[in-house]
Amino acid sequence: MIDIQRDILPLKNVLYRLALRITLNSQEAEDVVQDVIIKIWGMGERINEIENIESFALRLTRNLSIDRQRMKINQTASYDDVKVEQGYGIHNTIERQIEQQERIESIRQLMAQMPEKQRSVMQLRDFEGKSYKEIADAMEISEDQVKVNLFRARQFVKSHISHDK
């Protein structure tokens, strides 16, 4: 039996980060996650028919984020209000921390330029640590398509980072 508090609420941060990668707006991402939770809660007993609740929640988040993005296609957004959530070891210097934050920010900016599918795949694989199968299920694409999109996303980042040096 699926329980919202036990099974869905722990996914909130993962869902938020995925929605953020697609919408590029933290308020919009929060709204998407709230809508996802409300939709799942509103399913009542039908929720127990879902085989993999995490994949279902990720797919729902992705679809709602894309729908909202399409409605606001002309609107610009930024990552200004997104905090870099990184833990640093005691041995890292302040300079290294700043460099790492700058690198993460430049990758986020590059990801904002990618097609949505590449952005989502990279977010789920590289930032959330999801398997190819989990990503394929969540995005309703084949594992081969996941690999191709991930390769293209990484190549895009790599080519732009190597040009910046």
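**Reading charged pairs in a predicted model**

Colleague: How should I read the setting of Glu28, as buried or exposed?

Modeller: The general idea is to compare the relative accessible area with a cut-off, and buried means under 20%. In this predicted model, Glu28 has a relative accessible area of 9%, so Glu28 is buried.

Colleague: Which residue forms a salt bridge with Glu28, and how far apart are the closest N and O atoms?

Modeller: In general, side chains of opposite charge can pair when their charged atoms come close. Here the partner of Glu28 is Arg68, and the closest N and O atoms of this salt bridge are 2.7 Å apart.

Colleague: How many salt bridges does a search of the whole structure find?

Modeller: Such a search finds 9 salt bridges. One of them pairs the side chains of Arg59 and Glu140, at 3.6 Å from N to O. Arg59 lies in helix 4, whereas Glu140 lies in the loop between helix 7 and helix 8 (143-164), so this pair ties together parts that are 81 residues apart in sequence.

Colleague: What is the relative accessibility of Arg59, and what is that of Glu140?

Modeller: Arg59 counts as partly exposed because its relative accessibility is 22%, while Glu140, at 54% relative accessibility, counts as exposed.

Colleague: Which side chain meets Arg154 in a salt bridge?

Modeller: That side chain belongs to Asp126, and the distance from N to O is 2.4 Å. Arg154 is in helix 8 and Asp126 is in helix 6, so to speak of the pair is to speak of distant parts of the chain, 28 residues apart. Arg154 counts as partly exposed at 37% relative accessibility, and Asp126 likewise counts as partly exposed, at 36%.

Colleague: Which residues do salt bridges that share partners join into one network?

Modeller: Glu28, Asp35 and Arg68 are joined into one network in this way.

Colleague: Where does Glu128 lie, and why does Glu128 count as buried or exposed?

Modeller: Glu128 is found in the loop between helix 6 (116-127) and helix 7 (132-139). Its relative accessibility is 14%, and therefore Glu128 counts as buried. Leaving aside residues up to four places away in sequence, Glu128 touches Val14, Arg17 and Gln123. With Arg17, the side chain of Glu128 also makes a polar contact of 2.5 Å.

How values were computed:
Residues numbered from 1 in each chain as written. Predicted model: local features only at pLDDT ≥ 70, side-chain atom pairs only at ≥ 80, totals over all residues. Heavy atoms only, no water. Helix = DSSP H or I, 4+ residues; strand = E, 2+ residues; numbered from the N terminus. Buried < 20%, exposed > 50% of the residue type's maximum accessible area, 1.4 Å probe, protein only. Polar contact = N/O pair within 3.5 Å; in protein donor to acceptor, adjacent residues only side chain to side chain. Contact = heavy atoms within 4.5 Å. Salt bridge = Lys/Arg side-chain N within 4 Å of Asp/Glu carboxyl O.
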